[in-house]
Amino acid sequence: MMDLETMAKNIALIPVILEQNTQIIEWQKKRDEELTTKRGVAKFLGKSESTINNYIARGLLKEGYHFNRKNGKILVFVVNAIYEFKEELGKGIAYEKVAV
C-alpha cells in the first residue's frame with residue numbers, strides 16, 4: 001500500500017502531466033492541419049511535391065480516399081489516409097498495389 005507522502009507526490013504530478021498532454025494534443029492538431037496540404041504531405045513522407053504528384057498520377061494516392069478536391073482544383077489530403085499510406089510505404093505495400 002502507498003504511504004501518504006508518496007500519494008501526495010503522485011497527486012502533485014497530475015497538473016504537470018495534464019499540461020504535457022495538452023501540449024502534445026496541440027502539436028498533433030497542428031501537424032494534422034499541415035497534412036491536409038501537398039507540401040505538408042511531402043514533408044511528412046520525406047518526399048518532394050513532384051513525387052506526391054507522381055504518386056497521384058500512378059494511382060498510389062487515390063482521389064476520394066487519400067485526398068479530395070476543393071472547388072474541383074485544390075487538393076485536400078485526408079490525414080488518416082496519409083498516416084496509413086506512410087505505413088504502407090515503409091512496408092513496400094503501396095508500390096505493390098499499383099501495376100507499373
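**Helix packing and a hairpin**

User: At what angle do the axes of H2 and helix H3 (residues 49-58) cross in this predicted model?

Analyst: The axes of H2 and H3 come within 8 Å of each other, where helices are DSSP runs of H or I with at least four residues, numbered from the N terminus. The model is predicted, with pLDDT of at least 70 needed for local features and 80 or more for side-chain atom pairs, while totals for chains, interfaces and linings use all residues. Residues are numbered from 1 along each chain, and side-chain values use heavy atoms, without hydrogens or water. With axes fitted to C-alpha atoms over the stretch in contact, and angles running from 0 to 180 degrees between N-to-C directions, the crossing is at roughly 100°.

User: How are H2 and H3 oriented to each other?

Analyst: Their axes cross at roughly 100°, and angles of 65 to 115 degrees count as roughly perpendicular. H2 and H3 are therefore roughly perpendicular.

User: Which residues of H3 make the contact with H2?

Analyst: Contact means heavy atoms within 4.5 Å, and H2 contributes Lys-38, Arg-39, Val-41, Ala-42 and Leu-45. The contact residues divide into 4 nonpolar, 1 polar and 3 charged, with Asp, Glu, Lys and Arg counted as charged. On the H3 side stand Glu-49, Ile-52 and Asn-53.

User: Which residue in the hairpin of E1 and E2 takes a positive phi?

Analyst: Strands E1 (residues 67-70) and E2 (residues 74-77) run antiparallel, joined by 4 bridges, where pairing needs at least two DSSP bridges. Lys-70 has Ile-74 of E2 as its bridge partner. Between the strands lie 3 residues, and the positive phi, near 55°, belongs to Asn-71.

Note on methods
Helix = DSSP H or I, 4+ residues; strand = E, 2+ residues; numbered from the N terminus. Parallel < 35°, antiparallel > 145°, perpendicular 65-115°, else oblique.
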